[in-house]
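Me: Hi! I'm about to open this one for the first time. Could you walk me through it?

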Amino acid sequence: MRARCWFLLVPALLLALPAVAEGNKGGKAPPARTEKPKDPKAKDEKRPAEVELATEVMVLHATNSGKGIDSAIGKMPELKKPPFSSYDSYALLSKTRLPLSKDDKTMTLPNGRVLKTKLLEVMPDKDHLRISASINQPKGKTFLPLLEVKAKVGQAFIVAGQSYKGGILVLVIRVVK
Amino acid sequence: MSRHRDLMRAYDAELTPEEAAELERSLSDEDRRVLAGLEQVGDVVRACEPEAVARFAGVADQVMAALGESDVAESSGPEVVIDRGPVRPVRKRTTSTPVVVAGLSLAIAAAVALWVTTPKAPAPSAPAPLAASFASPTAPVSPSAPTESLPEPPDEDADLAATIEAVDFGNQPGSIFMVPAGEESTPVVWLEDEPAGARMEPL
């Protein structure tokens with residue numbers, strides 16, 4: 001009788017343990033990824049955000065002319081760090097606001113090339129967004145065919161290295177409202 | 001070899017009368033010595049037979065009794081006691097088998113539970129997040145490098161800095177790195193441009 005109990009208990013344990021373990025695994029698993037809201041209202045809410053958002057493009061000219069950093073540039077500690085610190089002068093050539101939208105927004109750079117920016121996506125958290133940028137040479141080859149960046153308002157990225165008048169161009173592209 | 005076999009068959013009276021007569025006619029002195037030797041071996045075996053029979057007569061019955069297919073009490077042969085030294089207490093099978101089965105089952109179940117609960121390691125072929133290499137300037141990327149799809153860094157990093165998710169440098173070399181800016185960092189795309197004078201302007 002006792003032996004029969006064992007024979008019944010052991011398979012029951014064998015079956016139950018993995019099930020319990022699976023249950024624990026489910027408990028530890030990260031919550032399901034939040035899917036994008038398919039509510040049409042969410043789409044409507046995104047519209048104003050697109051309109052408000054923009055990229056602020058500062059075009060800096062880096063040289064070693066001994067003039068220092070233009071005060072109009074504002075606070076940019078990056079310029080004092082390598083490799084930017086290899087230039088001792090930064091002049092603000094232009095500051096342009098390009099509205100972010102699903103359509104391309106362009107601006108002409110001092111070297112004749114064209115910077116193009118575009119809003120790819122507003123992230124579900126409505127805080128971050130994905131934008132693309134590219135630099136083209138009119139009637140010439142593409143200089144920077146594609147750059148995709150995820151950023152939130154206030155964050156910036158830099159595209160640097162284009163030769164210009166004894167120095168280089170430094171494009172500081174910041175997401176602004 | 002066959003001669004010896006014939007002699008053994010003759011000794012065991014296994015030959016036909018014709019074969020026995022033929023063998024008898026052709027017996028040599030050597031053959032007669034072999035037959036005499038077989039006779040002596042037979043005498044020795046017969047002398048030892050009662051002792052051997054008495055020793056092993058009950059083994060089969062004991063085995064059958066142990067298997068539960070026969071009762072020792074019904075054994076017809078004499079009971080033989082074989083001295084194997086001190087007798088160990090033998091456990092009944094009905095008590096040991098469930099313990100063994102339970103142990104094995106628990107071990108298997110524990111192994112399965114461990115396997116299920118252990119988090120799976122990421123695929124080794126997954127590329128390392130490029131954002132992690134932003135801390136220092138990276139080597140220039142080949143001009144012919146195609147568009148690089150960069151995996152998303154953890155959220156905490158994303159909050160600290162913008163993230164470059166993809167870049168195509170086109171025909172010129174370039175690199176991606178992060179430059180510290182206070183508590184945050186700024187991603188930089190650095191392009192290796194030709195000197196302005198050397199650049200071919202469009203006509």
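**A sheet across two chains**

Reply: Happy to! Six strands make up an open sheet with mixed pairing, in the order E2(A)-E1(A)-E8(A)-E7(A)-E4(B)-E3(B). Strands (E, at least two residues) and helices (H or I, at least four) are DSSP runs numbered from the N terminus, and two strands pair if DSSP finds at least two bridges between them. This is a predicted model: local features need pLDDT of at least 70, side-chain atom pairs count only at pLDDT 80 or more, and totals for chains, interfaces and linings use all residues. Residues are numbered from 1 along each chain as its sequence is written, while chains are lettered from A and ligands numbered from 1 in the order in which they are written.

Me: In which sense do E3(B) and E4 of chain B pair, parallel or antiparallel?
Reply: Antiparallel, over eight bridges, with E4(B) covering residues 184-191. Within this chain B pair, Val179(B) has Thr186(B) in E4(B) as its bridge partner.

Me: New topic: hairpins. What do E3(A) and E4(A) form?
Reply: A hairpin with five residues between the strands, and Gly112(A) in the turn has a positive phi of about 95 degrees. Strand E3 (residues 105-108) and strand E4 (residues 114-122) of chain A run antiparallel and are joined by four bridges. Thr108(A) stands opposite Val114(A) there.

Me: How many bridges join E4(A) to E5 of chain A?
Reply: Eight, and the strands run antiparallel, with E5(A) spanning residues 128-136. Lys116(A) has Ser134(A) in E5(A) as its bridge partner. E4(A) and E5(A) also form a hairpin with five residues between them, where Lys126(A) in the turn has a positive phi of about 60 degrees.

Me: What about phi in general?
Reply: Most residues other than glycine have a negative phi, and most peptide bonds are trans.

Me: Where is Lys165(A), then?
Reply: Lys165(A) lies in the loop between strand E7 (156-164) and E8 of chain A. Lys165(A) is not a glycine, yet has a positive phi of about 45 degrees.

Me: Is Lys165(A) buried or exposed, and what about Ala13(B)?
Reply: Lys165(A) is exposed, because 12 other C-beta atoms lie within 10 Å. Ala13(B) counts as exposed too, with 7 C-beta neighbours inside 10 Å. Ala13(B) sits in the loop between helix H1 (2-11) and helix H2 (17-25) of chain B, and its phi is positive, near 60 degrees.

Me: Which peptide bond is cis?
Reply: The one from Pro82(A) to Pro83(A), with omega near 0 degrees. Pro83(A) is in the loop between strand E1 (54-63) and strand E2 (89-99) of chain A.

Me: Now the inside. Which residues touch the most other members of the largest nonpolar core?
Reply: Ile158(A), Val159(A), Val170(A), Leu171(A) and Val189(B), out of 51 residues. Strand E8 (residues 167-176) of chain A gives the largest share, seven residues. A nonpolar core is a set of buried Ala, Val, Leu, Ile, Met, Phe, Trp, Tyr and Cys residues joined through C-beta atoms within 7 Å.

Me: What does Val189(B) touch?
Reply: Beyond residues up to four places away in sequence, its contacts include Leu147(A), Val159(A) and Ile164(B). Contact means that C-beta atoms, placed from the backbone, lie within 7 Å.

Me: Why does Leu144(A) count as buried?
Reply: Because Leu144(A) has 24 C-beta neighbours inside 10 Å. Leu144(A) lies in strand E6 (residues 142-152) of chain A, and among the residues it touches are Ile135(A), Val159(A) and Phe169(B).

Me: Last one: what is the mean pLDDT of chain B?
Reply: It is 70, and 59% of the residues of chain B reach 70 or more. Over residues 121-146 of chain B the pLDDT is below 50, though this stretch has 41 contacts in the model beyond near neighbours in sequence. pLDDT is the predictor's confidence in each residue, from 0 to 100. The model as a whole scores ipTM 0.71 and pTM 0.48.

Terms used. Buried ≥ 20, exposed ≤ 12 C-beta atoms within 10 Å, placed from the backbone. Contact = placed C-beta atoms within 7 Å.
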